[in-house]
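Please look at the chains first, and then read the points below with the structure in view.

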Amino acid sequence: MQIESAGFTKNDLAKYPFLKETAEYIKPLGLQIDDLTSMGMDQVLKRAEERVNEAIIYRSISRSIKKIDLEILSFPVALLLVIATENSFIKKRYALAEAKQASSDLVNEPKEKILKIAHDFDWKIKLTTKENWDSPLEYTIHFTDYLRNAAHLHDKKWKLTNSILSHGNIYLNKKDVVRLLEEEIRRHIEKRLDAKLPKYPAELTVIAERVKKLAAEKIGPTETEGLPKVVVQAAFPPCINALFEAASSSHHLSHIERFTLTSFLVNIGMPSEKVNELFKSFSDYNERLTRYQIEHIAGERGSGTRYTPPQCSVLQTHGVCKNRDDLCRRIYHPLAYYKRKQKLA
Amino acid sequence: MEASRDFVYQKFCEYYRDPSTVIPAPVLLGQREFAYLLFKERFMVRHKRFDGISNLKSVLSETVPSDVYHSCAYYENPDFDMDKKGWLGADLVFDIDADHIPTSCNKIHDEFTCSKCGFSGRGITPETCPACEGTKFETKIWPCELCIKSAREETAKLIDMLENDFGFSLDELHVFFSGHRGYHVHVEDEALRSLDAMARKEIVDYVTGLGLRLFEKERVNAKTKKANEKFRLHNFGWYRRLKLGMKNIIANGTEEDFKRIGVKDTGLLLEKRQAIIDRCIDDGLWGGVFGIGDGTWMKLALYVKNLQAAKIDTVVTTDVHRLIRMNGTLHGKTGLKKTEFPAKNLQDFDPFTGAVAFKKGEVKVLVSDVPEFRLGGETLGPYKNETKELPVAAAVMLICKGRAKVAN
């Protein structure tokens, strides 16, 4: 087992077990799903369960570098374990915790290692040359790699509009590169957790049940709390009010406006029949089509998924966001506004 | 009316059946969804898949649709239902249409008629009918030179950003006249294909200048605990554009310009143009000239932003499943074809000659009302309730626009 990976040290692979090279490294170890219960694997299973538990409880994952092979192997096994829980909360939480842990290790790495890890994710990234710009922004990355990760971050500072963009590249400092890498790692792990397995070994199912129980205790009622049961118009966000009024006074709504209003009303529990009533005042009202659209958005037809309204930033892009107020500045989604306003009332 | 539609259908037939008609194949044609609008039934056939351009051409010459589209997206199974297609990626596309741009012609050539009460008027279609408050209108719009010129200016701004900020070479940008009142820009770069709707939204926000931050937080005030915000711009991306634009307006603006922008002390700006440019913009000492404060800078910056933002259709670019008109096919509302030309020729490409599909023949039509227009190198009109022998291209356009019918 003296295979030293060409680019990374064994220590790196233990710290960043999601790297492509980790897979190369553990291949010769011959890990099989069915092997999980075999001799020597109980240690790996134990550490895998520990990883997942820590993610749920602390949102971070401790590092144990004493037994490096065990540490490296426990990562893919932890992934299997999380997949076996078939629980979206645990999946999200685990990916987040691994990413956060990696991020806190990355800030202490030298530039070259950060580049290497970014290259492992196929980023087009390089160090800013002196001739280019004499500044603390040491890295330049291609805007597509930036967008894949920054587009989902809420803080205004990540908007492409405000970035230091020139000829396709964006200049960044180390802290920001690490933050984007954290996002890349989180998305990468979430994607791997999307995999489906035909069957799980019995041993794994038992542990998965334990983990699920822990998660249920940990999440408590706050995460699962839904929206109020009755429709409270006084708590509508300003954008929805504007659409609601436009609809009531039979103004024409664009496709995205209609979608936003309908999905909002459906999601706060207005029955399809009542939404339909509202649209009846439209001069171009078509009973069959409107009913179809509402039921489609409500998930009563087609793929069965219920659509939620677009988030605030999307509504801004398309000019649907109107009359922003103080509460708007503290939320990112019209449904969050509705929930919050209810609580304030 | 039937005879006029038949005439147009006949001409579309000739176009699609003519062996010399060139319809370029889009890249990865086999992974795209195709769709077309049937001429007579007005029904959209969707979810079609073709292995090659020759298959597609033979279907077009058999069915002769009024409009042909393909997806910007690539799919594993382009002919499956939407949720089973297997999205693989999509080109980045931009649509600039005069409909979304305020133009100097004020769309005076467009007509609207209320579907409910029949009230009609000219110009921009109102939201509600002044007579009966109905909201549905029949519209007759006209692709005038000023409309297309405005769309061209917006396209020029977009191309400049794609080239200088996003780093695409002009050869990588596919620029088209849409066949009606605007332009399309397609970018097929592989690095862009996998971008999701949120990432594309960020590109849209960049192009339209949405969310531009003009103030930077400085030190937090120890007493009030509030961060001081100072006007500050770096030298890249949008900020480079703002600085150049502000220099330009300060150097050349008239008193009227500054008043319109909302500057209070216009005299100071007019007197100390060069000092303000040197000290404040070039040296970055934004407070360096007494009397020109953050408020003035913000007004100037917002003015420049609105001038330089490209007015694109935001929905088209963010939709990763979008259908877009196919290059080389005819537009059902004009009979002009969607036509590609090199990005560097944007200002020189004349849609009214370059996108003309019907180059032969003349036909007698009864024209109801049309302003003067140019087509295929000829200037025609204005006509009002008269019978005229017109070139086929002009006759097709007028019939498609509902402003003429074939004379018996």
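This is a predicted model: local features need pLDDT of at least 70, side-chain atom pairs count only at pLDDT 80 or more; totals for chains, interfaces and linings use all residues.

**Chain A: overall make-up**

- Chain A has 345 residues, of which 36% are buried.
- Its secondary structure consists of 15 helices and 4 strands.
- If one takes the contacts in chain A between residues at least 6 apart in sequence, 71% of them join residues at least 24 apart.

**Chain A: the sheet and the helix across it**

- Chain A contains an open sheet of 4 strands in the order β1-β2-β4-β3, with antiparallel pairing.
- At the edges of this sheet are β1 (125-127) and β3 (165-166) of chain A, each of which pairs on one side only.
- Strand β2 (residues 139-142) and strand β4 (residues 169-172) of chain A are joined by 4 bridges and pair in the antiparallel sense.
- A:Tyr139 has A:Leu172, in β4(A), as its bridge partner.
- In general, the strands of a sheet pair through backbone hydrogen bonds, and the pairing is either parallel or antiparallel.
- Helix α7 (residues 143-150) of chain A lies across β1, β2, β3 and β4 of chain A, and runs at about 85° to β2(A).

**Chain B: overall make-up**

- Chain B has 408 residues, and 39% of them count as buried.
- It contains 13 helices and 20 strands.
- The C-alpha trace of chain B spans about 80 × 50 × 45 Å along its principal axes.
- Of the contacts in chain B between residues at least 6 apart in sequence, 62% join residues at least 24 apart.

**Chain B: a buried phenylalanine**

- B:Phe94 is part of strand β6 (residues 92-97) of chain B.
- B:Phe94 counts as buried because it has 26 C-beta neighbours inside 10 Å, whereas 20 are enough to meet the cut-off.
- Not counting residues up to four places away in sequence, B:Phe94 touches B:Leu158, B:His184, B:Val185, B:Ile312 and B:Thr317.
- B:Asn221 is 127 residues from B:Phe94 along the chain, and the C-alpha atoms of these two residues are separated by 45 Å.

**Chain B: a helix with a buried side**

- Helix α6 (residues 237-252) of chain B has 16 residues and reaches 23 Å from its first C-alpha to its last, close to the 22 Å expected at 1.5 Å a residue.
- The buried residues of α6(B) are B:Gly237, B:Trp238, B:Tyr239, B:Arg241, B:Leu242, B:Met246, B:Ile249 and B:Ile250.
- The exposed residues B:Ala251 and B:Asn252 are carried by the face of α6(B) turned away from its buried side.
- The buried residues of α6(B) pack against β3 of chain A, as well as against α7 (255-261), α8 (266-271), α9 (273-282) and α10 (294-308) of chain B.

**Chain B: paired strands**

- Strand β16 (residues 362-370) and strand β19 (residues 383-391) of chain B pair in the antiparallel sense over 8 bridges.
- Within this pair, B:Val365 stands opposite B:Lys388 in β19(B).
- β16(B) is also joined by 3 bridges to strand β20 (residues 404-406) of chain B, and these two strands run antiparallel.
- Here B:Val367 stands opposite B:Ala404 in β20(B).

**Contact between the chains**

- Chain A contributes 30 residues that are in contact with 34 residues of chain B.
- On the side of chain A that touches chain B, α7, β3 and α14 (312-317) of chain A each supply at least two residues.
- α7(A) gives the most to that side, with 4 residues.

Note on methods. Residues are numbered from 1 along each chain as its sequence is written. Chains are lettered from A and ligands numbered from 1 in the order in which they are written. A residue is buried if 20 or more other C-beta atoms lie within 10 Å of its own, exposed if 12 or fewer, and partly exposed in between; C-beta atoms are placed from the backbone. Two residues are in contact if their C-beta atoms, placed from the backbone, lie within 7 Å. Two strands pair if DSSP finds at least two bridges between them. Axes are lines fitted to C-alpha atoms, for helices over the stretch in contact, and angles run from 0 to 180 degrees between N-to-C directions. The expected span of a helix is 1.5 Å times one less than its number of residues.
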